[in-house]
Amino acid sequence: QVQLVESGGGLVRAGGSLRLSCAASGRTYVMGWFRQAAGKEREFVAAIKWSGDSTYYADSVKGRFTISRDNAKSTVHLQMNSLKPEDTAVYYCAATRINVVITTTRYDYWGQGTQVTVSA
């Protein structure tokens with residue numbers, strides 16, 4: 001069983017930046033970020049394959065968010081720039097046991113989530 005631990009959430013003003021990190025306790029393949037705003041369903045944000053050369057983003061964050069990974073440290077990061085109030089949500093790290101990117105919530109492992117709040 002792989003454990004995922006997120007860090008880096010917080011409160012930021014609109015237009016600001018935050019960097020989320022997720023540390024995995026074991027080997028993972030695709031790693032992704034999802035978010036869930038209050039009263040809404042969990043939605044895909046970004047994902048990255050094991051090689052790090054294939055990344056995928058939701059349309060709502062393209063050009064503002066960047067996902068990256070450090071396999072030596074079993075860590076994935078999400079750099080979030082130009083944040084908007086609508087980015088406010090709990091952000092979850094997720095990982096799969098196969099090297100196939102999916103944008104649904106059918107990942108094998110999940111972190112506990114970290115709150116990101118963007119004020120207007």
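**Group meeting talk: a disulfide, aromatic pairs and a sheet**

Good morning. The torsion about the S-S bond of Cys22 and Cys93 is about -80 degrees, so this disulfide is left-handed. A disulfide here is a pair of cysteine sulfur atoms within 2.5 Å, and in this structure the sulfur atoms of Cys22 and Cys93 are 2.1 Å apart. The count by this rule is 1 disulfide. Because Cys22 lies in strand 3 and Cys93 in strand 9, the pair ties together parts that are 71 residues apart in sequence.

Before I continue, a word on the source. This is a predicted model, in which local features need pLDDT of at least 70 and side-chain atom pairs count only at pLDDT 80 or more, while totals for chains, interfaces and linings use all residues. Residues are numbered from 1 along each chain as its sequence is written, and side-chain values use heavy atoms, with hydrogens and water left out.

Strands (E, at least two residues), like helices (H or I, at least four), are DSSP runs numbered from the N terminus. Are the two cysteines buried or exposed? Buried means under 20% relative accessible area, exposed means over 50%, and partly exposed lies in between, with a 1.4 Å probe and protein chains only. Cys22 is buried, at 0%, and Cys93 is likewise buried, at 0% relative accessibility.

I turn to the aromatic rings. Rings of Phe, Tyr and Trp (its six-membered ring) pair if their centres lie within 6.5 Å; planes under 30 degrees apart count as stacked, over 60 as edge-to-face, and the rest as tilted. How many aromatic pairs does this rule give? The count is 5 aromatic pairs. In one of them, the ring centres of Tyr29 and Trp50 are 6.5 Å apart and the planes stand at 55 degrees, so the pair is tilted. This pair links distant parts of the chain: Tyr29 is in the loop between strand 3 (18-24) and strand 4 (31-36), and Trp50 is in the loop between strand 5 (43-48) and strand 6 (55-57), 21 residues apart. Tyr29 is partly exposed, at 28% relative accessibility, and Trp50 is partly exposed as well, at 29%.

A further pair joins Phe34 and Phe44, edge-to-face, with 5.7 Å from centre to centre and 75 degrees between the planes. Phe34 lies in strand 4 and Phe44 in strand 5, so parts that are 10 residues apart in sequence are tied together. Phe34 and Phe44 are both buried. With Tyr107 and Trp110, they form one aromatic cluster.

Charges also meet rings here. A charge sits over a ring if NZ of Lys or CZ of Arg is within 6 Å of the ring centre and within 35 degrees of the ring normal. The charged end of Arg27 sits over the ring of Trp50, 3.8 Å from its centre. Arg42 lies over the face of Tyr92, 3.6 Å from the ring centre.

Finally, the sheet. Two strands pair if DSSP finds at least two bridges between them. An open sheet of 4 strands has the order 1-3-8-7, with antiparallel pairing. Strand 1 (4-7) and strand 7 stand at the edges with a single partner strand each, so one side of each is left without a neighbour in the sheet. Strand 1 and strand 3 pair in the antiparallel sense over 4 bridges. Within this pairing, Leu4 has Ala24 in strand 3 as its bridge partner. Thank you for your attention.
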